[in-house]
Amino acid sequence: MSTCQNKGDYLFVEVSEPYSLDLFMSTIRDVADHCRKDNLNKVLIDLRKMDGGLNILDRYRIGIEIAKAWGSKIKVAVITKPGIVNRLTENTAVNRGAKLMVTFDES
């Protein structure tokens, strides 16, 4: 399950469940809905509590879904552990117009 909190000028999302493609897809749609509802265009997603890994096809599918759901209107930064999300998801989304940055460091 993911939790979404409006922090005033951005949406904070924390995912603490084990990885599943359904969880990721629903979180992507939830982020889009919350941003639309709260008139936000910046998001910080924390995946550091999520366990499990993504296979290469899931990484690609997630990147495509991010580009479709968020487009270029929502700027998203994702903090994760190394190995959970690699540059394939980020590159797939960015190459389709999304504004996404994946990092392993909070600073």
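Residues are termed buried when their relative accessible area is under 20%, exposed when it is over 50%, and partly exposed in between, as computed with a 1.4 Å probe on protein chains only. At 31% relative accessibility, Asp-30 therefore counts as partly exposed; Asp-30 has its place in helix 1, and its C-alpha atom is separated by 8.9 Å from that of Ser-2, 28 residues apart along the chain. The structure is a predicted model, in which local features need pLDDT of at least 70 and side-chain atom pairs count only at pLDDT 80 or more, while totals for chains, interfaces and linings use all residues. Residues are numbered from 1 along each chain as its sequence is written, and side-chain values use heavy atoms, with hydrogens and water left out.

Helices (H or I, at least four residues) and strands (E, at least two) are taken as DSSP runs and numbered from the N terminus, and two strands are said to pair if DSSP finds at least two bridges between them. On this basis the model contains an open sheet of five strands in the order 1-2-3-4-5, with mixed pairing. Its edge strands are strand 1 and strand 5 (99-103), each of which pairs on one side only. Neighbouring strands of the sheet are turned by 15° against each other on average, direction ignored, where axes are lines fitted to C-alpha atoms, for helices over the stretch in contact, and angles run from 0 to 180 degrees between N-to-C directions.

Within the sheet, strand 2 and strand 3 pair in the parallel sense over four bridges, and Phe-12 stands opposite Leu-44 in strand 3. Strand 3 in turn pairs with strand 4 (residues 75-79) in the parallel sense over five bridges, with Val-76 in strand 4 as the bridge partner of Val-43. Here the chain crosses from strand 3 through helix 2 to strand 4, and this β-α-β crossover is also right-handed. Strand 4 and strand 5 run parallel and are joined by five bridges, and Ala-77 stands opposite Met-101 in strand 5.

Helix 1 (residues 21-38) has 18 residues and reaches 26 Å from its first C-alpha to its last, close to the expected 26 Å, the expected span being 1.5 Å times one less than the number of residues. Its buried residues are Leu-23, Phe-24, Met-25, Thr-27, Ile-28, Val-31, Ala-32 and Cys-35, and their cover includes strand 1 (2-6), strand 2 (11-15), strand 3 (42-46) and helix 2 (56-70). Helix 1 is followed by Asn-39, which lies in the loop between helix 1 and strand 3. The phi of Asn-39 is near 55°, a positive value in a residue other than glycine, whereas most residues other than glycine have a negative phi. Asn-39 counts as exposed because its relative accessibility is 70%.

Helix 2 has 15 residues, which should span 21 Å at 1.5 Å a residue, and its end C-alpha atoms are 21 Å apart, in agreement. The buried residues of helix 2 comprise Asp-58, Arg-59, Ile-62, Gly-63, Glu-65, Ile-66, Ala-67 and Trp-70. What covers them includes helix 1, strand 3, strand 4, helix 3 (87-94) and strand 5. With contact defined as heavy atoms within 4.5 Å, and leaving aside its neighbours within four places in sequence, Trp-70 is in contact with Ile-28, Val-31, Ala-32, Ile-45, Val-76 and Leu-100.

A nonpolar core is defined as a set of buried Ala, Val, Leu, Ile, Met, Phe, Trp, Tyr and Cys residues joined through side-chain atoms within 4.5 Å. The largest such core has 28 residues, and those with the most contacts inside it are Val-31, Val-43, Ile-45, Ile-66, Trp-70, Val-76 and Leu-100. Two or more residues are given to this core by each of strand 2, helix 1, strand 3, helix 2, strand 4 and strand 5, and helix 1 gives the most, with seven residues.

Conventions
A crossover is right-handed if, with the strands pointing away from the viewer, the path from the first strand over the helix to the second runs clockwise.
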